[in-house]
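Please open the model in your viewer and keep the sequence panel beside it. The stops below say what to select next and what is there.

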Amino acid sequence: MKPRLVPCPKCGTLAPFSPENPYRPFCSERCRTDDLASWAEERYRIEGNDPPEIQPPPLD
């Protein structure tokens, strides 16, 4: 059975999505590392609601 090919999330190259590909879903270690660096440098963002600002109680 042929492994399913999926596009690499970083570069778009088709890569096998199987246990034999240690970098899945990426095509290579370079793409996997580059993607991790993008998250670490906060180049990616997940949209969501900002939590409301909490006001401290007044000091009387």
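Predicted model: local features only at pLDDT ≥ 70, side-chain atom pairs only at ≥ 80, totals over all residues.

Residues are numbered from 1 along each chain as its sequence is written, and side-chain values use heavy atoms, with hydrogens and water left out.

The structure holds one aromatic pair, and the rings of W39 and Y44 form it, with their centres 4.9 Å apart and their planes at 70°, so the pair is edge-to-face. The rule behind this takes rings of Phe, Tyr and Trp (its six-membered ring) with centres within 6.5 Å, and calls planes under 30 degrees apart stacked, over 60 edge-to-face and the rest tilted.

Next, select residues 29–40, which make up helix 1; helices here are DSSP runs of H or I with at least four residues, and strands are runs of E with at least two, numbered from the N terminus. Helix 1 has 12 residues and reaches 16 Å from its first C-alpha to its last, close to the 16 Å expected at 1.5 Å a residue, the expected span being 1.5 Å times one less than the number of residues. Which residues of helix 1 are buried? They are C31, D35 and S38, and they cover an arc of only 55° around the axis, which puts them on the same side of helix 1; the arc is that of the directions from the helix axis to the C-beta atoms. Turn to the other side of helix 1 and you find R30, L36 and A40 exposed.

Now show the side chains of K10 and D34. K10 forms a salt bridge with D34, the closest N and O atoms being 3.4 Å apart, where a salt bridge is a side-chain nitrogen of Lys or Arg within 4 Å of a carboxyl oxygen of Asp or Glu. K10 lies in the loop between strand 1 (5–7) and strand 2 (14–16) and D34 in helix 1, so the pair ties together parts that are 24 residues apart in sequence. K10 is partly exposed, with a relative accessible area of 28%, and D34 is also partly exposed, at 34%.

The structure holds two salt bridges, and for the other one select R43 and E41, whose closest N and O atoms are 2.8 Å apart; both R43 and E41 are exposed. Then pick E42, in the segment after helix 1, where phi is near 60°, a positive value in a residue other than glycine. At 52% relative accessibility, E42 counts as exposed.

Move to R24, which lies over the face of F17, at 5.8 Å from the ring centre; a charge sits over a ring if NZ of Lys or CZ of Arg is within 6 Å of the ring centre and within 35 degrees of the ring normal. The peptide bond from R24 to P25 is cis, with omega near 5°, and P25 lies in the loop between strand 2 and helix 1.

Finish with P57, in the segment after helix 1, which counts as exposed at 65% relative accessibility. P57 and N21 are 36 residues apart in sequence and 55 Å apart in space, C-alpha to C-alpha.

Definitions and conventions: Buried < 20%, exposed > 50% of the residue type's maximum accessible area, 1.4 Å probe, protein only.
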